[in-house]
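Subject: Structure handover

Hi,

Here is the structure I said I would pass on. Please open it next to this message as you read.

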Amino acid sequence: MLELLSEKIGNVFKSLSGKGRLNEKDVDEAVRQVRLALLEADVNLKVVKEFTSKVRERSLTNQVLQSLTPAQQVIKIVHEELIAILGGKQSWLVPAGHPPSRLMLVGLQGGGKTTTAAKLALHLRRSGQNPLLVAADTRRPAAIEQVIILGKQLDIPVYAEDHKVAPATICTQAVKRAKELAASWLVVDTQGRLHIDEVMMEELVEVKKALQPSEVLLVVDAMTGQEAVRVAEEFNARVGLTGLILTKMDGDARGGAALSIKSVTGVPIKFIGMGEKVDAFEPFHPDRLASRILGMGDMLTLIERAEKVVDERRAKEIEKKMRTATFNLEDFLEQLQQIEKMGPLSQLVEMIPGLSSLARRLPEGVDEKQLKKVEAMIFSMTKEERQHPDIIDGSRRRRIARGSGTTPQDINRLLNQFRQAQKLMKQLESRKAGILSMLK
Ligand SMILES: Nc1nc2c(ncn2[C@@H]2O[C@H](COP(=O)(O)OP(=O)(O)O)[C@@H](O)[C@H]2O)c(=O)[nH]1
Ligand SMILES: [Mg+2]
């Protein structure tokens with residue numbers, strides 16, 4: 001996420017840190033470089049100007065320049081100012097005074113509205129809420145079908161009507177249904193068009209009147225940069241927004257949208273979409289994104305992702321197995337599968353402090369392919385082989401290779417890696433061993 005910007009800013013600070021004491025010229029040069037990096041990332045010009053003048057002003061005090069660690073102080077100032085332009089504190093969803101709370105999603109077609117409706121409903125359910133999805137995009141029958149399918153997939157109830165029924169009517173009915181179902185949140189998908197147009201805006205205003213939403217969230221594609229900011233201004237002026245959801249932050253978004261949109265529109269970012277899957281969705285934390293941009297990692301998000309997929313009791317069992325070195329290939333497979341569920345490896349590596357620059361060097365898709373290959377090899381082993389890898393001899397190796405579409409050399413490599421890991425675990429015996437315990 002925002003790799004290029006992160007790399008550029010990282011380089012500025014690397015050269016700054018090499019300097020020891022700083023003078024005004026050093027600070028000016030660093031600020032100039034940061035300014036270029038932000039402009040290149042397509043950040044709004046006004047936002048860049050304000051940002052850099054604040055950083056410059058705060059950095060050029062005696063307190064900073066004469067400190068023992070001036071470069072670190074400047075980095076700290078940049079970190080704080082980044083948090084400020086990203087919106088400061090985290091913004092939560094505001095529930096209605098009387099349930100059900102109503103959440104209306106708006107945005108242009110293709111921005112990710114329908115996908116995000118499902119992601120939000122899942123997020124709400126995981127937070128102990130009882131959501132109802134509402135299909136109020138009646139412009140295309142396929143859009144209604146998409147919501148129904150997503151609802152089935154997630155086992156979340158959907159309120160839908162024929163596409164000839166007016167969206168405002170659907171919303172009024174949906175509120176009644178929500179009360180019957182004791183649903184605490186309605187998540188309403190609305191129509192979007194390729195461009196902002198009068199008819200769409202009028203319909204949205206009507207839906208808003210009927211629904212009386214506690215939240216109107218604009219779903220906007222982060223990859224469109226300053227266009228996203230313009231769209232947000234327009235929707236805010238016409239419909240009134242309470243929050244923003246930036247989608248496709250996993251793509252090659254340069255960062256312009258994320259870094260400008262709050263300052264320009266005054267509307268906070270509440271969530272970000274990180275992929276096509278329904279759980280590729282995170283609450284937006286300005287401080288965490290600022291840390292990621294500065295290459296400081298984001299351990300908190302990593303831990304939260306681990307908590308979503310890891311069964312705590314099982315994690316403890318595995319930890320014990322690692323300590324006592326009875327950890328076998330079956331356990332290894334289970335761990336791999338959990339890591340896979342946490343998202344693409346490149347995203348995970350990016351969140352570990354100091355490793356974010358490594359994420360850029362992982363070729364696209366290769367990490368997942370390797371995981372799949374290891375999985376295939378272990379799947380092709382018998383239960384006995386998984387529990388006692390030592391019995392795997394030449395003929396077993398050939399059989400496993402054939403079964404998994406790999407070569408005996410691949411099997412050898414896996415077994416060697418596994419043995420090394422086992423050895424390492426024995427060495428780590430006294431410390432907390434294993435990936436899972438590191439995350440706890
Ligand atoms: N990579 C990525 N793709 C997304 C994300 N959110 C949505 N999409 C994709 O964007 C496309 C349009 O999504 P959809 O929900 O139908 O958009 P809508 O027209 O606004 O309802 C689909 O192919 C989605 O899978 C995201 O966060 N990351
Ligand atoms: Mg849609």
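Below are the findings, starting with the ligand site.

First, a caution: this is a predicted model.

**Ligand 1**

The shell around ligand 1 has 17 residues. The closest are G110, K113, T114, T115 and D250. By class, the shell holds 10 polar residues, five charged and two nonpolar. Which helix gives the most to this shell? That is α6, residues 113–126, with four residues.

G273 uses its backbone instead, with a polar atom 3.3 Å from a ligand oxygen. G275 also contributes a backbone N or O atom, 3.3 Å from an oxygen of ligand 1. How much of the ligand does the protein bury? Taken alone, ligand 1 exposes 590 Å², and the protein buries 80% of that.

**Aromatic pair**

I searched the whole structure for aromatic pairs. The search finds one. The partners are F271 and F281, with ring centres 4.9 Å apart. Their planes meet at 15°. Planes under 30 degrees apart count as stacked, so this pair is stacked. F271 belongs to strand β7 (residues 269–273), and F281 to strand β8 (residues 281–283). The pair therefore ties together parts that are 10 residues apart in sequence. Are these two residues buried or exposed? Both F271 and F281 are buried.

**Backbone points to check**

- P100 sits in the loop between α5 (70–85) and β1 (101–106).
- D155: phi is positive, about 60°, although the residue is not a glycine. D155 lies in the loop between α7 (141–154) and β3 (158–159). Its relative accessibility is 65%. The cut-off for exposed is over 50%, so D155 counts as exposed.
- A182: here too phi is positive, at about 55°, and the residue is not a glycine. A182 is in the loop between α8 (167–180) and β4 (185–190). With a relative accessible area of 55%, A182 is exposed.

Best wishes

Key
Residues numbered from 1 in each chain as written. Chains lettered and ligands numbered in written order. Predicted model: local features only at pLDDT ≥ 70, side-chain atom pairs only at ≥ 80, totals over all residues. Heavy atoms only, no water. Near = heavy atom within 4 Å. Polar contact = N/O pair within 3.5 Å; in protein donor to acceptor, adjacent residues only side chain to side chain. Areas by Shrake-Rupley, 256 points an atom, 1.4 Å probe, with all protein chains shown as cover. Helix = DSSP H or I, 4+ residues; strand = E, 2+ residues; numbered from the N terminus. Nonpolar A, V, L, I, M, F, W, Y, C, P; charged D, E, K, R; others polar. Phe/Tyr/Trp six-rings, centres within 6.5 Å; stacked < 30°, edge-to-face > 60°. Buried < 20%, exposed > 50% of the residue type's maximum accessible area, 1.4 Å probe, protein only.
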